Amino acid sequence: MSVNYWLLIQRFKFLTIFVHLADKSQNPRTDFAPWKKWQTFILKYKIPIFLIMGTIKLINGFPHLPYSRISYTQKEMLKKSSDYLNWMDQRRTVRDISNRPVAKAVIDHLLLTASTAPSGAHKQPWTFCAVSNPELKSRIRQAAEEEEYKSYHGRMSKEWLNDLKSIGTDWHKPFLEQAPWIIVVFKKVYDFTGDKKSNHYYVNESVGIACGFLLTAIHQAGLVALTHTPSPMNFLSQVLDRPENERPFLVIPVGYPEAAAYVPDLKRKPLEEVAVYYE
Ligand SMILES: Cc1cc2nc3c(=O)[nH]c(=O)nc-3n(C[C@H](O)[C@H](O)[C@H](O)COP(=O)(O)O)c2cc1C
């Protein structure tokens with residue numbers, strides 16, 4: 001929940017801040033809950049408190065919070081966007097991932113970042129399975145390699161195999177055991193509200209965007225990832241014992257790059273080839 005504290009302080013709505021602190025301290029990673037009783041009370045009566053204080057607005061009967069962002073000067077904005085482009089341009093898919101451990105708390109942050117992605121009707125139709133268990137990683141590698149062997153020896157077209165030559169991939173997937181974490185992303189095609197099936201919307205788009213956020217967060221943490229799509233990947237549902245409403249979407253090994261890691265010498269398309277302006 002993003003809140004303009006300054007605006008709220010200006011309006012002398014100090015109580016609002018307590019509500020947000022209560023909200024924040026619900027997060028198990030924030031060790032900030034010595035005031036459990038108050039927290040429970042505040043969270044229970046959050047909406048009426050906000051209404052009384054006049055800091056929320058009811059739209060179609062539903063609470064809406066004030067929202068604002070820091071805005072930049074034109075010069076700052078140019079610099080920020082250009083710096084970010086340069087930073088993101090350094091992201092690469094890395095297949096040489098070392099077995100150096102990565103703390104679970106970091107993975108928590110990466111997954112929570114992915115989960116901030118927009119989604120159709122805010123259904124957040126994803127489950128991120130973070131696998132560090134060596135036995136499970138071995139099973140995933142074995143099953144993926146079986147499928148990939150078949151793909152590289154008959155299922156893939158000549159054109160496809162040719163397109164992959166410069167990238168240097170084959171059916172061997174050592175990174176699936178080597179990486180400290182394999183994030184297996186599942187899309188939830190529907191959900192349950194009690195016993196009743198409930199719909200999800202734009203599931204592929206939503207999960208794709210969440211994976212983009214995840215890759216960006218991994219890069220920001222100084223780690224590397226590989227977007228892997230063993231095909232077909234139904235075996236992941238069995239290995240990870242996922243429910244019927246979840247379908248495997250992507251496999252993303254995450255870790256540090258090997259000391260001697262190499263990536264294909266790829267060029268990215270220039271702006272004229274990827275964008276069309278209508279001014
Ligand atoms: C949907 C998708 C599926 C991919 N599947 C694989 C894969 O199965 N194996 C692999 O080695 N790389 C895979 N990649 C990685 C691409 O080869 C890589 O993103 C591309 O070559 C560009 O390189 P870059 O990510 O370093 O910019 C996949 C990427 C995407 C977006």
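**Terms and their grounds**

Guide: The model is predicted. Helix α10, residues 203-220, has 18 residues and reaches 26 Å from its first C-alpha to its last, close to the 26 Å expected at 1.5 Å a residue.

Visitor: What makes residues of α10 such as Val203 count as buried?

Guide: The term requires 20 or more other C-beta atoms within 10 Å of a residue's own. In α10 the buried residues are Val203, Ser206, Val207, Ala210, Cys211, Leu214, Leu215, Ala217 and Ile218. An α-helix has 3.6 residues a turn, so residues three or four places apart point the same way.

Visitor: Against which elements do the buried residues of α10 pack?

Guide: They pack against α6 (104-114), β3 (126-131), β4 (181-188), β7 (224-225) and β8 (246-255). After α10 comes Gly222, with a positive phi near 85°.

Visitor: How do you know that β3 and β4 pair?

Guide: Pairing requires at least two bridges between two strands. Because 6 bridges join β3 to β4, the two count as paired, and they run antiparallel. One example is Val131, whose bridge partner in β4 is Ile182.

Visitor: Why is one side of β3 and of β7 left without a neighbour in the sheet?

Guide: The open sheet has 4 strands in the order β3-β4-β8-β7, with antiparallel pairing. β3 and β7 stand at the edges with a single partner strand each, so one side of each lacks a neighbour in the sheet.

Visitor: Which classes of residue form the shell around the ligand?

Guide: The shell has 4 nonpolar, 5 polar and 2 charged residues. Among the residues around the ligand are Arg92, Arg95, Thr169, His228 and Leu266.

Definitions and conventions: Residues are numbered from 1 along each chain as its sequence is written. This is a predicted model: local features need pLDDT of at least 70, side-chain atom pairs count only at pLDDT 80 or more; totals for chains, interfaces and linings use all residues. The expected span of a helix is 1.5 Å times one less than its number of residues. A residue is buried if 20 or more other C-beta atoms lie within 10 Å of its own, exposed if 12 or fewer, and partly exposed in between; C-beta atoms are placed from the backbone. Two residues are in contact if their C-beta atoms, placed from the backbone, lie within 7 Å. A residue is near a molecule or strand if its C-beta atom, placed from the backbone, lies within 6 Å of it. Ala, Val, Leu, Ile, Met, Phe, Trp, Tyr, Cys and Pro count as nonpolar, Asp, Glu, Lys and Arg as charged, and the others, Gly among them, as polar.
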